[in-house]
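I opened this model to look up a few things chain by chain. My notes follow in the order in which I made them.

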Amino acid sequence: MTIENYFILSAILFCIGMAVVITRKNAIVVLMGVELILNAANVNFVAISRLDNVQIEGQFFSLFVIVVAAAEAAVALAIILKVYKYYNTTNLNEINQLKG
Amino acid sequence: MAISPERFRKAASRASSGLILLGALLSVYLLQLKWSGPDFHTRLEWFSIEGLPRLTAGILLDDSAALMLVVVNIISFLVHTYSTAYMHDDPGYRRYFSFLGLFTFSMLGIVLADNLLVVFIFWELVGLSSYLLISHWYDKESAAKAAKKAFVVNRIGDVGFLTGLAVLWIQFKTFDLEALEALMANSSIQNGQWTSFLGYSLNADWLTIAGIGLFLGAMGKSAQFPLQVWLPDAMEGPTPVSALIHAATMVAAGVFLMARVFVLLDINALTFMAAIGAVTAFMGAVAALAQHDIKKVLAYSTISQLGYMLMGIGVGAYDAALFHLFTHAFFKACLFLAAGAVIYALHEYAHKTNAHFDAQDMRNMGGLRKRMPFTFFAYLVSTLALIGIPFFSGFLSKDAILSGAYAWADVMSQEALSWHYIIPDLGFFTVVLTAIYMFRQLFLVFFGKLRIASQDQQAGLQAVKEVPPVMRGVLVVLGVMSFGIIWSVNPFDQSYSWFLGTIEVPTIVSPGFVVDWQPRLIELSLRNHLEVMAISMAMIVAGGVVAWYLYRPGSKYERTYYKRPATMNKLQALSYNNWYLNDFFNVLVKKPVTAVAQGLTRVEKQVIDRAINAFAVINVIIAHAISWIDRAVVDGFVNFSVFFAGRVGVMTKSLQGGKIQSYILIAIMGMVLMILWIIW
Amino acid sequence: MLNDYLLSTLIFLPLTAAVIIALLPQPAKQFYKYIALFVCFVQLILAGVIYFGFNHNLQGVREIESFQYTEFTPWINFELASLGKLSANYFVGVDGLSVTMVLLSVVVLLIGVVSSWNITEKAKGYFSLYLVLNAAIIGCFVALDFLLFYLFFEFMLLPMYFLIGLWGGPRRDYASIKFFLYTLLGSVLILIVMIMLYLSVVDPAATAVELNLASNIENVSPDIVQQVQDMLLARQVPVENLVHTFNMVYMTDPGNYIPNSVMDVQVVRELLGQPARLLAFLLLFIGFAIKIPVVPVHTWLPDAHVEAPTPISVVLAGVLLKVGAYGLIRTGYLIIPDGAIHYAWWIGLFGVISIIYGAMCALASRDLKKLIAYSSVSHMGFVLLGLASLTSEGVSGAIYQMVSHGIISAALFLIAGVVYDRSHNRIIENYSGLASKMPKYSIFVIIFFFASMGLPGFSGFIAEVFVLLGSFSSSVVNGLIPRWMTILAATGLILSASYYLWTIQRMFFGQFFTKGPVEANSLTDINRREYLMFIPLFVLALLLGIFPGLILDLINQSVSLFVETVNNHEFKIPHNN
């Protein structure tokens, strides 16, 4: 198992996440995409951390990311809930208040 | 005159007659002063053009002018007097007299002017007054047309006149007659070049052209072939006008003009004039043969006599031509006024009997001798004068012309037989014809029975009345003037005449003239005098016999005359229609001119205007094209940039659709691009 | 004092009055015509002052100091660096050639106002435009600066266009646009030549000042001018010191031309394969020929006349046509005499064609006004023929014809106007025997018809006779015009007699009746106002016919200098070697 395989996995995850974020209309699914991207980053952190046996910042960082992601997911879900209440939808296309 | 109020019409006309009488008396006095004395010439400076000799205007009174003055004034006075009676019921009475006055004025102008330009001015004014008087009864279509025709035909002659003037002008830079005579004598012809004293040089043909040009003017006024067509029509005017203008004075102005410029003419122009004169004399006489209108016969006779006069000038018989001019003025005026008296009487007759007929048509006349003795006397005397019977004035003058013509033919042909003899021969033949048509008229009008009465009317000849005393008096005066004794002591020999004794033939001064031409003419004409007299007497007798045979009272012609159609055969038609000259002019001049005029108008409408319009249309089309280009290309460019900016705006706008995902996409793409840029 | 500003007063008086009329409130409507009448009357008085104060011995033409009533004010002056200096001045003055035209215009314009008396529709516009036209016409005749002349020339166009287009007959749009386009084309051609001349001619006096040969323009003596001209010829004048000028009098002097310029007089320059000066003359000729008008560029005239209101026809025929002929004399003949002589034969030919063609078309016209319009074409042909002959008789005759035609044709259009006013119909066939119904009118008609056909005693006769004599003697004096042209032109006299007399016969003689839309009752005889127009014109035509000296004395000196200048010009005759 060379390190490239982890990178490839991470890239695939990132791309899937990215694709989900960009294409899906449901806010919750988008949130899931964001999680995927974060996890792609985590995979990278962990994989690179294996190359350095002395320090384990990489693994700490990934744990930190997971924690933050959990918090972020909680906040995001709460926001989505509020949005749903306000707009009666979670379809991002219909929520275009930012339109210039 | 024209502005005098209506109620003074009589007084005004008397005043004008009186003034003319005064003029006449003055002119007689002048004549008596001038007679045989030196010529009287006075000049006033008229105007000038820088770099050219000053133009003058003035009076040149020589013997012929003084005589002409008397003739014009006397006849004008008589006609004025006659008209007061003849026209007294006419609504245009005042107009008539003012025009008559204008005419007399302009005629005197022609007579006295010392300058060809001034002559031309009065020449035209005479034409104007003739126009106005012919169209006196302007509501008559035929009168209006005749007036127009007279003026236009005269204008044709005037163009010739002007050409003649122009030639003289460029050679001599003056129009003064005396100066012209002196300058002409100083000019010379060498190698076909005519060089004047002033150093100007022209081809010698222009000398002839000048003469013929001036003669063309005379041809118009004096009704010479082929311009004689206007004179018969001019009879539409009142009869006194015909007598004054179209018989005695104005038409003679052409002859007078030729006499004035006689010395300037060259041999070719003179020959041309003689030929035209002879032809006209003959043609006029033929045309007079078959007319039925009493005035038309006289009109054609006038044409014929004018032909004689111009022939006379042309053959160098200057004095004889002038003599004939004066005698003719009196007897022809007399004939016309007598004819006027007949017409007047028949009008009165028509009034009285409520009949409607043409009072000028000889077919309605006859036998008037018994009821109108004065008129008959005047008519008879002047007819005899016209025919040229001894003891009457016409005999003297006509024989003088004929012997001149005969002598001329001798000189010109140089004793060999040549075409020149045709000219005196035509003259002699015309004498026969003159006798025929005049006797015909005399018989048909004054002898036999009054045809209109015998055919239609209850009231007979008795209803015809002699004209008022004023008219009678005038007729008698003129009739007396037709006696030969007034003009010459010896009624058989014109050389005894006081007239010919005084009028001297001026010596022709135009260059290239054979010096002994004139003396030989005079010598020959003196010698052949008896011969000519005998021939012409024989001719008159022949004519008289023919006329008596054909037209005497009771002849077949006379009996059927009332119902006779205008023409019976081709020859009569030729004469009746004046050689078809009118049709000739119509076909040859009037129609082409009208056609060309119409054609040009059409050309203008259809070619020039169409071209212009097409040009305009093309312009408009081009303009449209340009405006399209303007819209499509120039404006298009502007619009495109606007459109482009708009599109870009729309596009960028869509980027900010408020869709977070697309923002992210763009951000990512941007990052990707950045990364790509970094790693490359 | 008055004399110093006489001509300016003549020009600017109507212009001021036009502004006043335009500013007056609508209720003052009935005063417009009185203002116009007053102005024209004052102009007449001023013209009288000019006439009686005119010195007959001063020649003008090409001598700048012998023009009279001159006024000179610098107008446009600026440096054009390498192109030298531009100088256009307000320079007006009269000599024998123009003074007659000024007098004629003033008379005709006054008659025009009287004839406009019944115009009530849009009176404000009408009278102010009329006065603008008035100013432009006078300006045209007195301008001695080409730019000024051109300005006035163009200025005439606009009011004329509106006067025809707004107050005209049924087809006025067509007529006014045709008129406008035609004359505009002419102006463009003139403009081209003007620019060519401007580029080639210098003002010797101002150049002398530039070269410090004199302290100011007043101090320039003939010697200095000669010196400048010599320097010019030797190409010693620096380009930036050349003062280009529009002065028409300087343009007549060959010494003022810049060597090797477009219109150079020493060397033949070519444009489009033609000698430039000949081409320039041709352009000028065509430009003015449209205005005169000469067949075949005359077709705007009948339409414009037929559609224009009577007073405008009067002004158009009486004065505007003369502007064309005058312009040709003042610019074409004097500035490019070599061209004038080179093309004399053709000018004469076009004159003769105009005479015959105009007369023929008049003969075929059914419309009285059209007939008179064509007779104008025919009569203006005499002007051209007289000019082409370049003899004293011919040129005097031509100018005399201009004056005479101005008076007589004005009267003729008034005559047509009388009938049209009453019945709104001008077709000749619709009338007959008017002499019985309108005797006084008929008298005037007959008088003016005869005057127009050149009856002696009226002005037209003198003019035509001298044109014919002049063109006839041209063959021996300078050999420009062959004799057959004169004889052909003389036949125009027969034709003119035919169409006038035919018209009299058809319209005025015979039994009275009317046809078509003509109301017999509407035909009343002329009134006092119409007398007021006819009588002065009649008196003038008669006076000038009997005393030709009245005009000839004014023009004699100038004409003789004109003829001498053109015949013996020092311009090199261009020919292709």
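Predicted model: local features only at pLDDT ≥ 70, side-chain atom pairs only at ≥ 80, totals over all residues.

Entry 1: UniProt gives "transmembrane region" for residues 6-22, 29-48 and 60-81 of chain A.

**Entry 2: domains of chain B.** I looked up how chain B is divided. The domain assignment gives domain 1 as 1-172 + 223-263, domain 2 as 266-576 and domain 3 as 601-679. Between the centres of domain 1 and domain 2 of chain B, taken over C-alpha atoms, I noted 23 Å. In chain B, 37 residues of domain 1 are in contact with 45 residues of domain 2.

Which elements of chain B give two or more residues to the domain 1 side of this contact? I listed α2 (63-86), α8 (230-233), α9 (239-248) and α10 (250-260) of chain B. The largest share comes from α2(B), with eleven residues. I sorted that side of domain 1 of chain B by class and got 26 nonpolar, ten polar and one charged residues.

**Entry 3: chain C against chain B.** I turned to the contact between these two chains. On the chain C side 44 residues take part, and on the chain B side 41. Among the elements of chain C that supply at least two residues each are α14 (344-363), α16 (392-423) and α22 (549-567). The largest share of the chain C side is from α20(C), which gives eleven residues. By class, I noted 26 nonpolar, 17 polar and one charged on the side of chain C that touches chain B.

**Entry 4: a sheet in chain C.** I found an open sheet of three strands in chain C, in the order β1-β2-β3 and with mixed pairing. Its edge strands are β1 (68-79) and β3 (243-245) of chain C, each pairing on one side only. Neighbouring strands of the sheet are turned by 25° against each other on average, direction ignored.

How do I describe the pairing of β1(C) with β2 (residues 85-94) of chain C, and over how many bridges? I wrote down antiparallel, over nine bridges. C:Gln68 stands opposite C:Val94 of β2(C). Last, I noted that helix α1 (residues 6-23) of chain C lies across β1 and β2 of chain C. Helix α1 of chain C runs at about 70° to β1(C).

Technical notes. Residues numbered from 1 in each chain as written. Chains lettered and ligands numbered in written order. Domains from an automatic or database assignment. Contact = placed C-beta atoms within 7 Å. Helix = DSSP H or I, 4+ residues; strand = E, 2+ residues; numbered from the N terminus. Nonpolar A, V, L, I, M, F, W, Y, C, P; charged D, E, K, R; others polar. UniProt positions renumbered as here; feature names shortened; annotations may be inferred. Pairing = 2+ DSSP bridges. Axes fitted to C-alpha atoms, helices over the stretch in contact; angles between N-to-C directions.
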